[in-house]
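The following exercises concern a single protein model. Please work through each task before reading its solution.

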Amino acid sequence: MRFKTVLFFVSAFLLISVSVSAQTEIKLKKKDRKRDIEMVTTDGTIILRLSDSTPLHRDNFLWLVKSHYYDSLLFHRVIQYFMIQGGDPDSKHAAAGKPLGEGDLPYMVPSEFRVTIFHKRGVLAAAREGDDVNPKKASSATQFYIVQGKKYTDHMLDSVEINRLKRKIPEDQREIYKTVGGTPFLDMNYTIFGEVVSGMETVDKIAAEKTSKGDDLDRPINNVRILSARLIKRKKSY
């Protein structure tokens, strides 16, 4: 997951002095943490539910959504059977063919790894700079990805354990990777902070978009834009 190296850390629950659309300070309310997020895109609608197990990332994302930060941004990096990535502020007015993925806000969110939260199909996670410049694996302030993933065999999972994770994947998680799919090689390296509760067909549609092979590698040739992202009342089921 690539993007610009950012400058310093702040806790995600703190308000940040950044001008985002309206020039007003946006505050989170307790009830906001019990709401879902409706993300309307040019390819359809995705409903996201954030995890209380990762409160720094949860509050940061809620604050950005309430600030209308994501409105009009692109899904600028799309790889089928892997993930779709958005949140680069430079994408809002980006010309066709422009490489993206370097934009951000000037802070990072400390990592919040949880062994019980893993990269199954449909999870929402934070992009970040690589380990060479970011050894603590802190997250981008704004860039996120949604996992489309693929199904794995036992042999494939064994290889991921040996060559990528250097640890065993719990049996219950292995079963989900085999039957539902995901991206197991990212586990405990990128913070997962939510999941899609409705609209995976939209994720699949975005992931299937034709993408560039040029300097703007993996950017959809036809822009896939987030038309709006807003908090909505949480339903018991979808």
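**Exercise 1.** State how the residues of the lining of the largest pocket divide into nonpolar, polar and charged.

*Solution.* Six lining residues are nonpolar, three are polar and three are charged. Here Ala, Val, Leu, Ile, Met, Phe, Trp, Tyr, Cys and Pro count as nonpolar, Asp, Glu, Lys and Arg as charged, and the others, Gly among them, as polar. A pocket is an open set of points on a 1 Å grid over the protein atoms alone, where a 1.4 Å probe fits, with protein on both sides within 12 Å along at least five of seven lines; lining residues have an atom within 4 Å of a point. The lining includes Arg-49, Thr-116, Phe-118 and Glu-195. Its largest share, four residues, comes from S9.

The model is predicted: local features need pLDDT of at least 70, side-chain atom pairs count only at pLDDT 80 or more, and totals for chains, interfaces and linings use all residues. Numbering starts from 1 along each chain as its sequence is written, and side-chain values use heavy atoms, without hydrogens and water.

**Exercise 2.** Identify the contacts of Leu-48, not counting residues up to four places away in sequence.

*Solution.* With contact taken as heavy atoms within 4.5 Å, Leu-48 touches Asp-36, Ile-37, Met-39, Phe-61, Leu-124, Ile-146, Glu-195 and Val-196.

**Exercise 3.** How far apart are Glu-201 and Ile-46 in sequence and in space?

*Solution.* In sequence, 155 residues separate Glu-201 from Ile-46. In space, their C-alpha atoms are 8.6 Å apart.

Key
Helices (H or I, at least four residues) and strands (E, at least two) are DSSP runs, numbered from the N terminus.
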